[in-house]
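Please keep the sequence and the model in view while reading.

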Amino acid sequence: MTSLDRQHHHPGYWPSPWPVECGGNRRQKAAAGSLGPAAGRGTAEVTVQHSDRWNVMVVRREPDEWYVAGTMAHFTGPAPYGWVHRIDPVTLETLAGSPELPCGEHVWCGAAVVHANGSIYNINGNRLHRLDPVDLHVEAEGVLPADRAHNGMLILADGTIVTKDLRLEDQGGTTISRLDPDTLELVQAPLVLPEGSMGRIGADLQADGTEYVYVPGSEHILRLRLDSGPGDGGTDLRLDDWRARYRGPGADAGLAWDVCLSDGHVWFMDGGDTESVRAIHTRSPNGRFGAPPGRALSWRLPAPWSAPQGLFRVAIDDPTDVASIAPFGVPGGGIIAPPVHVPEHDMTIAWDSINGGLAGITGAGADLEVAWQLAARPSMQPVVFPEGDELVINDYTAEGEDHLIVVRISTGELLDRVPTGSRIANGMFLTAGDDRDVYYCTTTALSRVRWS
């Protein structure tokens, strides 16, 4: 089954090709169609909107209903807040905007989704908001039980919302919250997991209606299962006995980042708790500093471990079946975004943001092997067009400019390079548009790149 077959048509979301980050709960980042021959002609059109905002992600409801969500990078000074704008999909002009959305003073990239009920939901810090899709007024506000930054949310098949806080190693167990989409109240007691977690969750809906949520912990990938609750005939999300170890206690390597569920496996990279991430999440409120942090928040700082960047694969039907590879072999690797597996090409795309390097790795069987490498420095959540054999990802250049590059998934051939209009790269999300275009989010810049 292809990535597109498994990624779309989830009952929890509005029937849109991109209602949630990465396009779906399996985080396969796959879009239909192709950029086509235009991707190799160097004729892409770029529209840029500069602002003082931290742009995080773009999601789509109807073809003319596009939303960008983000926060304010107020690491010092005025209180931060979240926000959502409805934008013109071509000009990026703001058509409607939410009020300032409280976030508990935490500074971190949140998330937005388009629920099956039509509302827009935004999570930022320790607050969840339900917004009207037209004028983005607040329909409901919820305060999450963990007073920490939260890093994303997913909608389950029953319409409930699942999210979690962020915790570094030795900061206690991560709190999982499951909420009612109407009232934003908890539908079950919070789950406190046995490990901290930094990466975003992924979920998989089975044909029999069972739904699994995968959580990247500090030593294991953990799994939650939605099954029958005690006595009342309801359902509870519970910790499963499935867990896959990828890291030992005190290992000289970084923590797992977001998961990608594809082709019967869980794919992820370690090295996610870089120095800048640690600086943000060892403060309370998260990301608030007494003095401007400056370079302390650069993802280019040397890694606080010696291990090279690793890619991991875990079999969903056997959590003891764990394979890994260090595609680049350079000590001190690190990332701030997860890999993507493209089953149509038996290829997994991985990179090292700190040292540089982009690679395609093959091997759905026993071994993982590097098929190709490319000199690039990605940091973002990419988009893939399996039909066109195309990967779109950023490349932060030695000149300090962030470009989008188009790469042949099967061979690593560089097809195109497009400046985004930004000199700041981070780990935010690319979104596939409807017209051979991609939306790009970063701090102070929102761009649309269209190939024609």
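**Strand β19 and its surroundings**

Strands β19 and β20 are joined by a hairpin through two residues. Helices (H or I, at least four residues) and strands (E, at least two) are DSSP runs numbered from the N terminus, and two strands pair if DSSP finds at least two bridges between them. The model is predicted, so local features need pLDDT of at least 70 and side-chain atom pairs count only at pLDDT 80 or more, while totals for chains, interfaces and linings use all residues. Residues are numbered from 1 along each chain as its sequence is written, and side-chain values use heavy atoms, with hydrogens and water left out.

Strand β20 (residues 318-325) runs antiparallel to β19, and five bridges join the two; Ala315 has Asp318 as its bridge partner in β20. Strand β18 (residues 265-269) also pairs with β19 in the antiparallel sense, over five bridges, and here Met269 has Leu311 as its bridge partner in β19. Strands of a sheet pair through backbone hydrogen bonds, either parallel or antiparallel.

Buried means under 20% relative accessible area, exposed means over 50%, and partly exposed lies in between (1.4 Å probe, protein chains only). Leu311, Arg313 and Ala315 point one way from β19, Phe312 and Val314 point the other way, and all are buried. In a regular strand the side chains alternate between the two faces of the sheet.

**Aromatic rings**

Across the whole structure, a search finds eight aromatic pairs. Rings of Phe, Tyr and Trp (its six-membered ring) pair if their centres lie within 6.5 Å; planes under 30 degrees apart count as stacked, over 60 as edge-to-face and the rest as tilted. One of these pairs is formed by Phe75 and Phe289, edge-to-face at 6.3 Å centre to centre with 70° between the planes. This pair links distant parts of the chain, 214 residues apart: Phe75 is in the loop between β2 (66-71) and β3 (82-87), and Phe289 is in the loop between α2 (275-281) and β19 (311-315). Both Phe75 and Phe289 are buried.

Tyr246 and Phe312 also form an edge-to-face pair, at 5.9 Å centre to centre with 75° between the planes. Tyr246 lies in the loop between β16 (235-245) and β17 (260-262) and Phe312 in strand β19, so the pair ties together parts that are 66 residues apart in sequence. Tyr246 is buried, with a relative accessible area of 10%, and Phe312 is buried, with a value of 9%.

**Nonpolar cores**

A nonpolar core is a set of buried Ala, Val, Leu, Ile, Met, Phe, Trp, Tyr and Cys residues joined through side-chain atoms within 4.5 Å. The largest has 132 residues, and Val266, Leu358 and Trp451 have the most contacts inside it. Strand β30 (residues 437-450) gives the most to this core, with six residues. A second, separate core has five residues, among them Ala253, Ala303, Ala307 and Ile354. In soluble globular proteins, nonpolar side chains tend to be buried together.
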